Every structure is written in C-alpha cells, then in structure tokens.
Amino acid sequence: RALSGLVWVAGLAACEPANDAQRLAMHWQACETGLPDARITACSLVIEAPNVTLAQKIQALIDRGSLRATRNEDERAFADFGQALRFDANNAEAHIQRGLLHQKRGAFGPAITDFVAADRINEASGAADYL
C-alpha cells in the first residue's frame with residue numbers, strides 16, 4: 001500500500017502545475033476521490049497548502065481522519081477530528097465521524113456526546129437530522 005501511495009505522489013509531482021491555485025484544486029480533487037493511500041496523501045497536501053481556505057482545511061482533516069479510521073489508525077484519526085473541531089467546534093460532520101470512531105472502539109459515552117452535539121448543531125442550522 002505504501003508503495004502505491006508513493007508511486008501516485010511521484011506521478012503527481014511530475015505533472016503538478018506551478019500555479020498554487022491549480023495545485024490546490026488538483027490536490028483537493030484527489031483528496032475527495034481515488035484510492036485511500038493517494039487520498040490520505042492528497043488530503044495532507046491540502047491541509048498544508050499555503051492558499052487553503054479554513055473550510056477546505058477542515059474538510060480535508062475530516063476526510064483524512066475518516067480514511068485513517070477505516071484503516072484502524074484510530075489515534076491519528078482522533079487527532080484529525082480533534083484538529084478539525086479546534087478550528088470549528090460547530091462542525092457536525094467532525095462530531096459525527098469522531099462519534100463513529102468512539103462507537104467503533106466501544107466508548108459509547110463519548111460517542112453519544114458527539115452525536116448529541118452534532119444533532120444540536122444540525123437542529124440549530126436547520127440541517128437534516130443524522131440521528
């Protein structure tokens with residue numbers, strides 16, 4: 001797996017545009033779709049991009065955390081969700097994803113806390129109910 005991610009990154013670097021906006025757009029697209037190893041790498045590049053918006057950074061952290069959770073990299077996933085929530089404590093998606101990770105680990109109290117927080121955020125914003 002690591003090799004496929006490295007091959008993808010090497011290929012990406014070879015065709016990477018010099019323009020920061022185009023480079024961010026390319027990394028953003030790769031963060032959202034594709035193979036997990038390549039997506040994690042692309043999300044990391046988005047997070048570190050000098051011209052990334054806060055909203056993009058938060059979404060890339062959530063995406064990378066979700067990918068890490070599916071790979072059982074729970075501590076790294078928790079770190080990503082925690083960082084996203086430090087940037088935006090009212091991000092329902094980050095609460096939901098962290099709650100799912102708590103639930104997976106059998107920590108039902110913290111999972112419920114995150115799900116309730118997401119529900120309150122969604123109710124306040126008029127978004128669809130996740131629970």
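## Starting with Lys104

Is Lys104 buried, partly exposed or exposed? In this predicted model, Lys104 comes out as partly exposed, with a relative accessibility of 43%.

Lys104 has a salt-bridge partner in Asp74, and their closest N and O atoms sit 2.9 Å apart. Lys104 belongs to helix α6 and Asp74 to helix α5, so this pair ties together parts that are 30 residues apart in sequence. Asp74 itself counts as buried, at 13% relative accessibility.

Now take Arg105 and Glu75, another salt bridge, with 2.8 Å between the closest N and O atoms. Glu75 is in helix α5, while Arg105 lies in the loop between α6 and α7 (108-125), so here too the parts being tied together are 30 residues apart in sequence. Arg105 is partly exposed at 43%, and Glu75 is exposed at 54%.

The structure has 10 salt bridges. Some share partners, joining Asp37, Arg64, Arg68, Arg71, Glu73, Arg76 and Asp80 into one network. Within that group, the side chains of Arg76 and Glu73 meet at 4.0 Å, N to O. Arg76 is partly exposed, with 48% relative accessibility, and so is Glu73, with 22%.

As a rule, nonpolar side chains in soluble globular proteins tend to be buried together. Here, the largest nonpolar core holds 21 residues, and Cys31, Val46, Ala60, Ile62, Ala84 and Leu101 have the most contacts inside it. Helices giving two or more residues to this core are α2 (20-32), α3 (36-48), α4 (54-70), α5 (74-87) and α6 (92-104).

What does Cys31 touch, leaving out residues up to four places away in sequence? Its contacts are Arg39, Ala42, Cys43, Val46, Ala60 and Asp63.

Notes: Residues numbered from 1 in each chain as written. Predicted model: local features only at pLDDT ≥ 70, side-chain atom pairs only at ≥ 80, totals over all residues. Heavy atoms only, no water. Core = buried A, V, L, I, M, F, W, Y, C linked by side-chain atoms within 4.5 Å. Buried < 20%, exposed > 50% of the residue type's maximum accessible area, 1.4 Å probe, protein only. Helix = DSSP H or I, 4+ residues; strand = E, 2+ residues; numbered from the N terminus. Contact = heavy atoms within 4.5 Å.
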